[in-house]
Amino acid sequence: MSIAENILASRQAVGLTQEQLAEAVGVSRQTVAKWEAGETSPDLEHAAALADVLGTTLDGLVSFDGGGMGLASPPRGRHLFGNVKVGERGQVVIPKEARDLFDIKPGDKLVVLGEEGQGLAFCKEDEFMANVEAAMAAARKAAK
């Protein structure tokens, strides 16, 4: 998607009007309309302000590709890595970008969590167990 499409989708996702976004960024509503129509593009300073107001990153605003589905660029710290195919025995290949970002190496053990109606999540077993142990220690301390 283009920056114009990303500005529009992100603005709609956070529920702002063009006027509200323009005010937050310090430009006119017509400027926002031109950005969203692809007639012009924001300069770096305004693009950074847009990313901040829209709760995304500058990279997400500029280069996110939602596959033409009208998806907004992901919020800071959240990522859309694409899709994966589940093999016959349930195996899933985690995209390289995700493995690199979360430092997942061959042989690492992952915990698979799920919530009906929400989906699945993976996390490294050692980090998950460290969080469980910290929560247990906090609970024991609070019980004293």
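Biologist: What does buried mean here, and what relative accessible area does R11 have?
Modeller: Buried means under 20% relative accessible area, and exposed means over 50%, with partly exposed in between. This is a predicted model. R11 falls under the 20% cut-off, so R11 counts as buried, and its relative accessible area is 9%.

Biologist: Which residue pairs with R11 in a salt bridge?
Modeller: Side chains of opposite charge can pair when their charged atoms come close. The N to O distance in the salt bridge of R11 is 2.5 Å. The partner lies in helix α3 and R11 in helix α1, so the pair ties together parts that are 25 residues apart in sequence. That partner is E36.

Biologist: Is E36 buried or exposed?
Modeller: The cut-off for a buried residue is under 20% relative accessible area. E36 has 12% relative accessibility, so E36 is buried.

Biologist: How many salt bridges does the structure hold?
Modeller: One of them joins K96 and D100, at 2.7 Å from N to O. Another is formed by K105 with D103, the closest N and O atoms being 2.5 Å apart. With the E36 and R11 pair also among them, the structure's count of salt bridges is four.

Biologist: Which helix holds both K96 and D100?
Modeller: The two residues are four apart, about one turn of the helix. K96 is exposed, because its relative accessible area is 52%. The helix covers residues 96-101 and is α6.

Biologist: What accessible area does the nonpolar surface patch of L44, L58 and V62 have?
Modeller: L44 lies in helix α4 and is exposed, because its relative accessible area is 63%. L58 belongs to helix α5 (residues 58-63) and is partly exposed, because its relative accessibility is 31%. Together with V62, these residues have an accessible area of about 270 Å².

Biologist: What distance separates the C-alpha atoms of L44 and L58?
Modeller: Along the chain, L44 and L58 are 14 residues apart. Their C-alpha atoms are separated by 9.0 Å.

Biologist: Which strand gives the largest share of the lining of the largest pocket?
Modeller: The largest pocket has a volume of about 640 Å³ and is lined by 19 residues. Of these, F81, I94, A98, A121 and F122 lie nearest its centre. The largest share of the lining is five residues, and the strand that gives them, residues 119-124, is β2.

Biologist: What is the order of the elements from the N terminus on?
Modeller: The protein has seven helices and two strands. From the N terminus on, they run α-α-α-α-α-α-β-β-α.

Biologist: What percentage of the residues is buried?
Modeller: The protein has 144 residues. Those that count as buried make up 23%.

Definitions and conventions
Residues are numbered from 1 along each chain as its sequence is written. This is a predicted model: local features need pLDDT of at least 70, side-chain atom pairs count only at pLDDT 80 or more; totals for chains, interfaces and linings use all residues. Side-chain values use heavy atoms; hydrogens and water are left out. Patches are made of residues with over 30% relative accessible area and no salt bridge: like charges are joined within 9 Å, nonpolar side chains (Val, Leu, Ile, Met, Phe, Trp, Tyr) within 5 Å. Accessible areas come from the Shrake-Rupley method with a 1.4 Å probe; for residues, only the protein chains shown count as cover. A salt bridge is a side-chain nitrogen of Lys or Arg within 4 Å of a carboxyl oxygen of Asp or Glu. Buried means under 20% relative accessible area, exposed over 50%, partly exposed in between (1.4 Å probe, protein chains only). On a 1 Å grid over the protein atoms alone, a cavity is a set of points where a 1.4 Å probe fits but cannot get out, and a pocket is an open set with protein on both sides within 12 Å along at least five of seven lines; lining residues have an atom within 4 Å of a point. Grid points are joined across faces, edges and corners, and a volume is the space filled by probe spheres set on the points.
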